[in-house]
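Dear colleague,

I am handing over the structure that follows, together with a short account of what was found in it. Please read the account alongside the coordinates.

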Amino acid sequence: MYSILKRLSLLLSVLSLSLIAFCQEVSQEKKGYILVINTYLDSSPWSSHIIDKIRNDISEPRKNLNLYTESLHILDIDAKEEMEEIKQDIRRKYKDIKPIVIVFLGNGAWALFQEEVQTLWKDIPLVLCADGQELAPPSCYYLEKEIPWDSLRPLRESIQETKVTVIDCPVHLKGTIQLMQRLLPKMKKIAFISDRRYVSTIGRKEMKETIENYFPKIQVDYLTEGQLTMDEVIDTLKRYDESTGILYYSWFQKNMQSGYKYLTTNNYKNIVNLTAHPLFTPIDIGVHDGTMAGGHFYCNQDLDKTLDNTLKRILSNQPVDSWYTAGEEGNYLCYNVLQKAGISPKLYPKDAHYYMKPQSFWETNRYTIMGIIFLLLLLWLMYMYIRSMTREKKRRLSEMQLLIKFKNLVNSMPIAYIQEKIIYDEQGEMVDYVILDVNHIFEKYFIPKEKAIGMYGKQMAKFILPEYLTLCKQVVGNKRSYTFEYYYPETDRYYEAWVTSNEKDILDVFA
């Protein structure tokens with residue numbers, strides 16, 4: 001009975017895959033598409049983040065693109081024949097209508113499809129999000145066996161003569177250990193948690209080299225999936241004291257239930273929930289949501305920007321470089337986790353990026369404070385404006401009163417007063433003057449005010465105008481007062497006149 005159900009289940013799976021493949025082919029005819037070949041699971045943190053990013057970027061209707069993902073589930077594969085069946089199925093599904101771009105996630109996918117890259121996909125732009133600097137033989141990525149270290153070759157060699165753009169996603173173990181030393185000053189040992197995947201095997205190798213070269217006094221306990229269960233790892237962690245730091249690299253775990261295999265990926269959450277130790281990591285997982293304490297790595301947002309810019313340039317037929325770095329490395333920490341672990345804020349690096357850090361008084365109230373400062377500044381400006389206007393009004397009133405007093409004084413003087421303005425020609429020579437004002441004594445002995453104002457010198461004193469203008473030049477040039485005698489034929493009298501100037505081009509004459 002069990003074998004019948006198993007065969008029926010297998011038949012339904014084949015029919016479902018065939019239907020999905022048919023629907024994809026119909027959709028491919030209408031739209032172009034991007035193909036993602038993922039070394040790991042859809043649910044693995046690194047892969048799922050990149051896939052979601054690409055999906056969101058091409059979801060705009062104007063881009064008219066589809067996204068198809070093929071996750072290899074490498075840890076589920078036990079034989080070379082299984083891997084060949086998966087590869088054959090992928091070749092068949094995407095043979096007739098080829099993708100616009102192929103994105104490989106992880107070196108394993110790149111190593112497994114080297115033949116297709118050289119033949120079937122040789123004219124298609126390729127993007128590789130690399131999780132290592134070296135490339136191993138294909139079987140090393142899915143068969144659990146010892147890695148022949150002498151068979152590794154530099155990744156840069158494998159990309160020669162291909163249309164691939166590599167986005168290097170490095171792991172910064174040295175920087176993370178330095179950060180742990182700063183935050184855990186009593187640390188003498190590191191518990192390194194990793195799994196049996198090829199990338200984790202490389203991680204353990206790099207960890208050993210980093211310790212030997214830079215931290216020879218630090219001991220390392222390697223807690224590896226396959227050698228220990230998760231329960232055993234948690235029991236081990238509970239026995240550690242503050243002299244041990246926990247460095248989480250990865251933990252993909254195979255499980256069996258009712259005869260079926262399945263994988264779990266986010267096991268770091270179980271460790272955090274069941275132990276009191278803060279977990280550090282050299283990759284961007286679990287820090288922003290308050291699970292991990294932090295680490296030294298590139299931020300996933302920087303990887304998003306690099307990948308997005310690369311795909312945009314490829315889709316718009318713009319040239320791209322053959323090698324990019326995912327992003328700039330830095331210290332990223334979760335403030336809440338550090339506080340919960342009892343780590344003193346005095347040990348926190350100032351140049352780190354902090355998640356869940358409580359806002360300071362300024363950060364919380366900065367807009368209110370800025371609004372109050374702006375309002376006070378506005379009120380001060382209004383006060384200064386009103387004060388200035390009041391002063392100006394008082395000044396004008398004082399000047400007006402002074403002018404009135406002056407006019408009253410002039411009008412009450414027992415001598416004639418004339419105010420004149422000098423007139424110049426185009427060459428700047430003094431040629432005449434015009435009367436601006438007179439007092440009542442002037443009107444009594446000469447002419448009425450309404451006739452005098454606006455009268456020119458050539459009308460009023462045409463016979464002595466040249467001599468008078470010469471005198472005026474001396475008054476203006478020397479800034480001195482002069483007296484002279486003046487004969488007015490209408491009254492047949494001589495007048496003694498005094499000329500001075502207190503304003504530019506304005507003469508005051510008293511006779």
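A salt bridge here is a side-chain nitrogen of Lys or Arg within 4 Å of a carboxyl oxygen of Asp or Glu. This is a predicted model, in which local features need pLDDT of at least 70 and side-chain atom pairs count only at pLDDT 80 or more, while totals for chains, interfaces and linings use all residues. Residues are numbered from 1 along each chain as its sequence is written, and side-chain values use heavy atoms, with hydrogens and water left out.

The structure holds 15 salt bridges. In one of them lysine 473 meets glutamate 429, with the closest N and O atoms 3.7 Å apart. This pair links distant parts of the chain, since lysine 473 lies in helix H17 (residues 465–478) and glutamate 429 in the loop between strand S18 (417–424) and strand S19 (430–438), 44 residues apart; helices (H or I, at least four residues) and strands (E, at least two) are DSSP runs, numbered from the N terminus. Lysine 473 is partly exposed at a relative accessible area of 38%, and glutamate 429 is likewise partly exposed, at 42%, where buried means under 20% relative accessible area, exposed over 50% and partly exposed in between (1.4 Å probe, protein chains only). Elsewhere, salt bridges that share partners join Glu392, Arg395 and Arg396 into one network.

Lysine 93 and glutamate 70 meet at 2.6 Å, N to O; because lysine 93 lies in helix H3 (residues 80–93) and glutamate 70 in strand S2, the pair ties together parts that are 23 residues apart in sequence. Both lysine 93 and glutamate 70 are buried. Arginine 91 pairs with glutamate 116, the closest N and O atoms being 2.5 Å apart, and this pair connects helix H3 with helix H5 (residues 114–118), 25 residues apart in sequence. Arginine 91 is partly exposed, at 25%, whereas glutamate 116 is buried, at 2%.

Strand S2 also belongs to an open sheet of 6 strands, ordered S2-S1-S3-S4-S7-S15 with parallel pairing, where two strands pair if DSSP finds at least two bridges between them. Strand S2 (65–71) and strand S15 (323–325) stand at the edges with a single partner strand each, so one side of each is left without a neighbour in the sheet. Within this sheet, strand S4 (residues 126–130) and strand S7 (residues 164–168) pair over 5 bridges, and leucine 128 stands opposite valine 166 in S7.

For the protein as a whole, there are 17 helices and 22 strands, and buried residues make up 44% of the 511 residues.

With kind regards
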